[in-house]
Amino acid sequence: MKMLKTSELTFKDPGDFTRLRDVFEKAGYSDKGVLDVIGVKDFPSMKGTDVPLLLRRTKDNSPLNTLIRLFLIEAPCNMDAVKLAVLPMKLESLVEAGIVQMDGASVTAAVKLMPYKNFHIAFDLPCMLQSGSRKNYVMGIGSSTLTLANLTIRKQSRRTLDLGAGCGIHAFLAAGHSGSVIATDLNPRAVRFAEFNARLNNLSHVQCLEGDLFGPVKGEKFDLVVSNPPFVISPETQYIYRDGGMEGDRITQKIISEVPEFLNEGGYCQILCNWAELRGQDWKDRLHKWFEGTGCDAWVLRSETLDAETYALTWIRHTEKAETGQFPQQFQKWMDYYETQGIASMGAGLITLRRSGGRLNWFRADDAPEKMQGPCGDDIVRGFELRDFLETITDDSMLLNSQFRISPEARLERQSKPSSEGWLDESVRLRLATGLTYSGNIDHFVANMLIKCNGQRKLGDLMNDMAQALQTDAEKIRASFCSIVRHLVERGFLLPPNS
Ligand SMILES: C[S@@+](CC[C@H](N)C(=O)[O-])C[C@H]1O[C@@H](n2cnc3c(N)ncnc32)[C@H](O)[C@@H]1O
């Protein structure tokens with residue numbers, strides 16, 4: 001495999017960026033165009049075993065089929081077919097830019113170049129992970145990329161930073177709601193890819209800079225910082241994209257401690273990451289300490305936790321393919337490392353900070369709902385607003401004096417089982433239909449209270465109604481009633497009337 005040099009990945013004639021964009025547009029090389037031809041929705045996760053099927057579906061010599069074969073399937077293509085597919089561009093320009101390479105009369109891709117949303121994104125061919133240059137591999141759109149994109153706050157930002165930008169995808173997505181964007185990366189190859197992609201997608205307000213963490217943006221302020229850092233916790237330092245090069249989860253801690261000085265007041269930072277869960281220590285207590293003195297409110301949304309063995313197994317399988325013969329030794333090395341560090345499991349999820357100076361900051365940590373039916377950025381912002389609101393309700397009397405309305409996204413599902421008297425309610429489940437789809441079982445007293453939340457009746461009245469239905473004294477249910485309501489507000493089932 002020819003290794004792409006960092007001096008490549010640009011066109012001598014800048015007009016070729018526009019020409020290549022036009023080539024893709026004319027051929028229909030887009031999300032939809034590709035889906036229509038190959039019938040695979042999730043083509044970023046296509047596997048080698050899918051190739052025969054994909055080659056069959058693209059066998060006719062249309063420009064679109066040639067582009068799919070070349071850049072998505074990574075199949076050798078006939079030179080004349082490629083020349084025709086890229087007209088009016090010259091094949092030589094693509095060769096000189098290091099995007100494709102010639103082998104006799106056939107052409108193969110030297111980079112992966114795929115449509116994603118309204119963009120075309122170039123990144124390294126996965127086979128580079130098997131080569132001697134794998135350390136500098138620039139990853140494409142992976143599952144962590146998609147998760148962060150789904151959770152990113154999409155409100156208007158004057159200036160956005162994508163820290164550890166790789167091929168630049170988060171920077172490009174943020175470009176649609178930002179005055180300007182800076183994409184930074186330690187890996188010079190990643191910066192070249194991001195620069196190339198920014199130009200190919202005509203995003204002149206995205207600037208790509210090389211350097212370690214916040215080094216390239218000293219003295220700057222942002223409304224939004226997004227990062228999918230190299231968060232894998234392991235004894236390895238094999239890949240820049242995967243291994244932060246620091247002990248345990250230090251890279252995430254470092255980003256959290258340094259980001260506040262780069263945030264405008266009210267600005268958000270979102271980090272998709274893993275953290276170590278230490279033996280004998282509550283993970284929430286450990287993470288809480290990371291935010292002390294940052295001047296930021298923080299919300300940790302844990303999407304999963306994996307025991308150390310499963311975590312090691314998954315990552316070694318996923319990223320250490322070149323060393324498969326070494327698997328038992330590698331696994332032992334990872335497990336020894338976790339043992340020394342006292343690591344029992346790894347948490348994974350999204351950490352969001354919001355710079356909020358001049359007062360005591362709050363910290364929230366909870367498990368994410370099973371489904372995050374995106375885009376969820378608005379739900380993240382609303383989660384911050386609801387928690388802010390709850391912080392102002394300092395005692396239960398204030399809460400009971402407030403009026404709430406039920407979220408229009410709330411759904412109630414009853415599960416019943418047959419009995420001699422007919423259907424018998426077994427459980428009543430409350431969930432949110434979109435975004436962060438929190439859910440949980442409730443009893444029908446709470447369900448009845450919820451539906452009366454019309455933004456006009458005071459919660460205290462609703463508590464009295466409930467006490468009557470339960471044939472008890474309102475004072476007896478007051479504490480648990482208020483605690484349930486706080487929980488329902490925090491998760492967005494109940495909304496303050498003017499929210
Ligand atoms: C997991 S990849 C994420 C790439 C891309 N943002 C995405 O979400 O698909 C992590 C990226 O961080 C970069 N990186 C690693 N160490 C870094 C550091 N100390 N400073 C800045 N970037 C770094 C890697 O080169 C890589 O591109």
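**Core, strands and ligand shell**

Me: Which residues does Ala171 touch, leaving out those up to four places away in sequence?
Reply: This is a predicted model. A contact here needs C-beta atoms within 7 Å. On that basis Ala171 touches Asp162, Ala165, Val181, Ala183, Ala194 and Val206.

Me: Which residues have the most contacts inside the largest nonpolar core?
Reply: That core has 136 residues. E10 gives the most to it, with 8 residues. The residues with the most contacts inside the core are Ile121, Cys167, Ala171, Ala194 and Val225.

Me: Which residue of E7 stands opposite Thr160?
Reply: E6 and E7 pair in the parallel sense, over 6 bridges. E7 is largely enclosed by the rest of the structure, because 6 of its 8 residues are buried. Opposite Thr160 stands Val181.

Me: Within what arc do the buried residues of H10 fall?
Reply: Helix H10 covers residues 250-258, and Ile251, Thr252, Ile255 and Ile256 are buried in it. Seen down the axis of H10, the buried residues line one face of the helix, so they fall within an arc of 135°.

Me: What covers the buried residues of H10?
Reply: Both strands and a helix take part. The cover includes E6, E9, E10, H11 and E12.

Me: Which residues come nearest to the ligand?
Reply: The shell has 11 nonpolar, 9 polar and 2 charged residues. H7, H8 and E7 each supply at least two residues of this shell. Of the 22 residues around the ligand, the nearest are Thr145, Gly164, Gly166, Leu186 and Asn228.

Note on methods. Residues numbered from 1 in each chain as written. Predicted model: local features only at pLDDT ≥ 70, side-chain atom pairs only at ≥ 80, totals over all residues. Buried ≥ 20, exposed ≤ 12 C-beta atoms within 10 Å, placed from the backbone. Helix = DSSP H or I, 4+ residues; strand = E, 2+ residues; numbered from the N terminus. Arc of directions from axis to C-beta. Contact = placed C-beta atoms within 7 Å. Near = placed C-beta within 6 Å. Nonpolar A, V, L, I, M, F, W, Y, C, P; charged D, E, K, R; others polar. Core = buried A, V, L, I, M, F, W, Y, C linked by C-beta atoms within 7 Å. Pairing = 2+ DSSP bridges.
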